[in-house]
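Student: Please take one part of this model and go through it closely. I would like to know where it sits, what surrounds it and how the rest of the chain is held in place around such parts.

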Amino acid sequence: MSGQRPAPGEPFVLLVEDNPINQVVALEFLALMGLKTQLARNGQEALDLCEQAAPSLVLMDIQMPGMDGLECARRLREQQAQGRLPRFPILALTAHALDSDVADSLKAGMDEHLTKPLDFLTLRRRLARWLDLPQLND
C-alpha cells in the first residue's frame, strides 16, 4: 500500500495495478493532479482496501495474477448492491482496446474503459467526469 488518506470530502483514488512501471506512472499522474491515492497490487488487495475505506474512484487494471480486474469489479458491484459498500466509479485500465474488451469491462461493472499507455491529459479529462479535481497550478 502507498499513499495518504484524504481529508473528508477530498477525492481519493484507489489504483489497482500489478506492474511496477505502470504503478509509478499512474501514481505520479494522480499526484500531479493533486489526488490522494492508495495502491493495491491485485484484485484481492483491492477488495480488502475498499472494505476498510471506500475510495472515491477505482482505476482497475484488467490483467493481474490471482483475481483479475473484471472479477474484482464484479465483486465490488455485488457488495455495493448488497449495501456493504457505497457506489463509486470503477474505470478499467488496460492495454486491450478491442470492442470486445470494452464490452467485457462494461459487463463486469466498469463505468469506463481507459487504455494504456496512460496520457496525462486524457486521464485528467476522464477523471474529471467522475471527481471534483483540484485545480492545476501553472
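Tutor: Gln23 is found in helix H1 (residues 20-32). Helices here are DSSP runs of H or I with at least four residues, strands are runs of E with at least two, and both are numbered from the N terminus. The model is predicted, so local features need pLDDT of at least 70 and side-chain atom pairs count only at pLDDT 80 or more, while totals for chains, interfaces and linings use all residues. Residues are numbered from 1 along each chain as its sequence is written, and side-chain values use heavy atoms, with hydrogens and water left out.

Is Gln23 buried or exposed? Gln23 has a relative accessible area of 10% and is therefore buried; the cut-offs are under 20% for buried, over 50% for exposed and partly exposed in between, with a 1.4 Å probe and protein chains only. Contact means heavy atoms within 4.5 Å. With neighbours within four places in sequence left aside, Gln23 is in contact with Leu15, Glu17, Asp18, Leu39 and Arg41.

Next come the salt bridges. Side chains of opposite charge can pair when their charged atoms come close. A salt bridge is counted where a side-chain nitrogen of Lys or Arg lies within 4 Å of a carboxyl oxygen of Asp or Glu, and this rule gives nine of them. In one, the side chains of Arg74 and Glu71 meet with N and O 3.2 Å apart. Both residues lie in helix H3 (residues 69-81), three residues apart, about one turn of the helix. Arg74 is partly exposed at 40% relative accessibility, and Glu71 is partly exposed at 26%.

Glu112 pairs with Arg126 in a salt bridge of 2.8 Å, N to O. This pair links distant parts of the chain, with Glu112 in strand S5 (residues 112-115) and Arg126 in helix H5 (residues 120-128), 14 residues apart. Glu112 is buried at 7%, whereas Arg126 is partly exposed at 22%. Glu112 also forms a salt bridge with Arg129, the closest N and O atoms being 2.9 Å apart. Because Glu112 lies in strand S5 and Arg129 in the segment after H5, this pair ties together parts 17 residues apart in sequence. Arg129 is exposed, at 58%.

Lys116 has another feature: a cis peptide bond joins Lys116 to Pro117, with omega about 5°. Pro117 is found in the loop between S5 and H5.

Last, helix packing. Helix H2 (residues 43-52) and H3 pack at about 25°, their axes 9 Å apart. Axes are lines fitted to C-alpha atoms, for helices over the stretch in contact, and angles run from 0 to 180 degrees between N-to-C directions. Residues in the contact include Leu47 and Cys50 of H2 and Cys72 and Leu76 of H3.
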